[in-house]
Amino acid sequence: MTDLRELYQQVILDHNRSPRNFRQVPNANHTADGDNPLCGDRITVWVRVDGDVVDDIGFQGTGCAISQASASLMTTAVKGKPVADAERLFAAFHAMVTGAGEPDRATLGKLLAFAGVREFPARVKCANLPWHTLHAALRDTTEPVTTE
Amino acid sequence: MTTGVERVPTGAATAPAFDAERVRADFPLLGRSMRGKSLVYLDNAATSQKPRHVIDAIHRFYETLNANVHRGVYQLSEEATTAYEWGRAMVARYLNAPSPAEVVFVRGATEGINLVASAFGRSRLEAGDEVLVTAMEHHSNIVPWQLVCEERGAKLRVLPMDTRGALVLDHLPGLLTKRTKIVAVVHVSNSLGTINDVQTIITAAHERGIPVLVDGAQAAPHGPVDVQALDCDFYAVSGHKMFGPTGIGALYGKRALLEALPPYQGGGEMIASVTFEKTTYAPLPMKFEAGTPNIEGAVGLGAAVDYLRGLDWTAVATHERDLLAYAESRLREIPGVRLIGTAPTKASVVSFVLEGVHPHDIGTIADQDGVAIRTGHHCTQPVMDFFGVPATARASFTFYNTRDDVDRLAASVWKARELFGA
Ligand SMILES: Cc1ncc(COP(=O)(O)O)c(C=O)c1O
């Protein structure tokens with residue numbers, strides 16, 4: 001169970017069971033869809049940016065615990081932060097789950113719960129999907145996002 | 001009923017027990033460990049493991065027989081050709097095709113279906129015509145037909161299934177219309193395990209003069225097929241799912257149909273003579289085998305069939321039926337488990353979901369226990385949509401699996417439930 005507990009940390013299980021900000025955002029001015037068709041993980045992210053701050057963010061979707069918890073924690077991590085900070089988090093998160101060097105602990109905070117994902121190569125794409133979708137939303141990319 | 005799974009005699013209790021432990025020894029890979037435990041391989045519907053007989057045959061081919069086929073005048077090429085054609089003859093016997101000339105080597109069931117969709121579709125489908133498939137087709141028996149329907153202005157129609165995952169045959173007569181040009185139906189569903197009554201479908205279609213293609217990718221691994229008894233017009237199989245190598249499969253087609261159809265691909269091997277004005281085609285089956293074929297694959301598939309012919313299929317059927325019943329009952333004991341696919345006739349495939357735990361998470365947890373199962377939509381998205389699930393976990397059993405394997409799977413699912421507090 002030890003490896004599994006490292007992947008499925010309590011905070012991940014909790015956010016999977018009761019995802020935060022699981023809703024559309026009224027007056028969202030950025031949105032994007034993410035889809036990993038092979039897995040069946042699907043997500044839509046809505047963001048309202050006010051000035052250069054992520055004023056509100058929400059998501060809806062279906063998927064495994066890793067993707068759902070990743071989306072939920074992502075929304076709590078970036079809400080109220082400058083867009084530049086959200087992008088920095090995206091980069092740090094991506095580096096952590098793909099195992100590119102030591103995780104940037106100071107930046108990542110609670111998101112460190114996903115450090116175990118790098119030991120599960122098949123699941124990296126699940127953790128990444130919400131972040132890539134947010135990234136696309138912030139850049140108003142119209143192409144559908146996938147991490148497969 | 002023609003697959004091994006279907007041919008359980010009524011006196012099954014007296015049938016000799018199948019010795020799964022003994023056949024396991026024929027499959028080297030089954031001896032390896034996974035994450036510190038013995039491997040439990042329950043993804044046989046995706047691809048099966050290979051017996052040493054097959055591995056050795058491929059090895060021997062390259063060490064002693066390798067040359068191009070149907071080309072050389074020298075002895076080595078003749079020997080390679082003999083080995084290649086031996087593979088074809090073995091497949092013909094396994095499918096009970098009237099002659100090896102009616103067995104075309106392809107890359108797999110996918111290519112077999114594409115061959116028919118393309119050659120048949122381009123020559124026989126016109127605007128307003130219909131192609132009938134079923135609600136439980138693998139994407140490989142949907143998309144090729146969609147492509148050719150789009151090209152020809154024809155329509156794809158779908159025979160529905162019920163909530164158990166059994167086809168609603170009552171709807172068949174209404175769907176076989178004057179415009180129906182071909183029926184394409186899966187013999188055994190890869191995601192539900194349903195064994196379809198293809199016999200009834202074929203008879204009904206033939207009464208109206210409509211040919212039928214059967215996707216046998218998941219049926220052939222469960223026992224010899226009898227295409228003559230079925231009277232199907234085409235039957236497609238994949239070598240890698242029936243204990244042979246990847247990259248090889250076979251398409252059986254009735255001689256008259258294969259002869260009437262235009263070629264699928266052009267190139268070497270498939271011609272009789274070529275000038276810039278006109279090309280005439282080689283006789284069957286070469287007409288459909290453009291280019292240097294997968295020679296080692298044919299030899300390996302022949303060896304797989306050779307191996308399968310040595311099995312007692314009555315005992316295998318009893319064993320697989322026992323595994324299915326045991327797996328379904330062990331999984332049903334787990335609160336929150338819902339089986340997807342509960343048709344009255346099933347092959348040893350169990351798809352399920354667990355409340356509060358996504359199939360991928362079950363898959364990861366099982367993998368930690370050395371248990372390999374498939375999770376996802378299994379290339380049958382319409383089936384997932386029908387059952388209102390994004391994905392399922394699927395355990396697919398074959399003759400080398402045991403009740404212990406089922407116990408290991410059940411333990412992992414219990415663990416998933418516990419971990420998630422579901
Ligand atoms: C029912 C069915 N048909 C067709 C296929 C396609 O087989 P292949 O990928 O070997 O061509 C599969 C493989 O999963 C299958 O299960």
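How do the residues of the shell around the ligand divide into nonpolar, polar and charged? The shell divides into four nonpolar, nine polar and one charged. Here Ala, Val, Leu, Ile, Met, Phe, Trp, Tyr, Cys and Pro count as nonpolar, Asp, Glu, Lys and Arg as charged, and the others, Gly among them, as polar. In total 14 residues surround the ligand, the closest being Gly108(B), Thr110(B), His138(B), Asn190(B) and Ser238(B); a residue is near a molecule if its C-beta atom, placed from the backbone, lies within 6 Å of it.

This is a predicted model, in which local features need pLDDT of at least 70 and side-chain atom pairs count only at pLDDT 80 or more, while totals for chains, interfaces and linings use all residues. Residues are numbered from 1 along each chain as its sequence is written, and chains are lettered from A and ligands numbered from 1 in the order in which they are written.

**Domains of chain B**

Chain B has two domains, with bounds from an automatic or database domain assignment.

The C-alpha centres of the two domains lie 28 Å apart. Helices (H or I, at least four residues) and strands (E, at least two) are DSSP runs, numbered from the N terminus.

**Nonpolar cores**

A nonpolar core is a set of buried Ala, Val, Leu, Ile, Met, Phe, Trp, Tyr and Cys residues joined through C-beta atoms within 7 Å. A residue is buried if 20 or more other C-beta atoms, placed from the backbone, lie within 10 Å of its own. In the largest core, of 113 residues, Tyr235(B) and Leu409(B) touch the most other members. Helix H10 (residues 295-309) of chain B supplies the largest share, nine residues. Both domains of chain B give residues to this core, so it lies between them. A second, separate core of 40 residues includes Val45(A), Trp46(A), Ala92(A) and Val145(A).

**Chain A**

Chain A holds six helices and three strands, in the order α-α-β-β-β-α-α-α-α from the N terminus. Of its 148 residues, 45% count as buried.

Methods. Buried ≥ 20, exposed ≤ 12 C-beta atoms within 10 Å, placed from the backbone.
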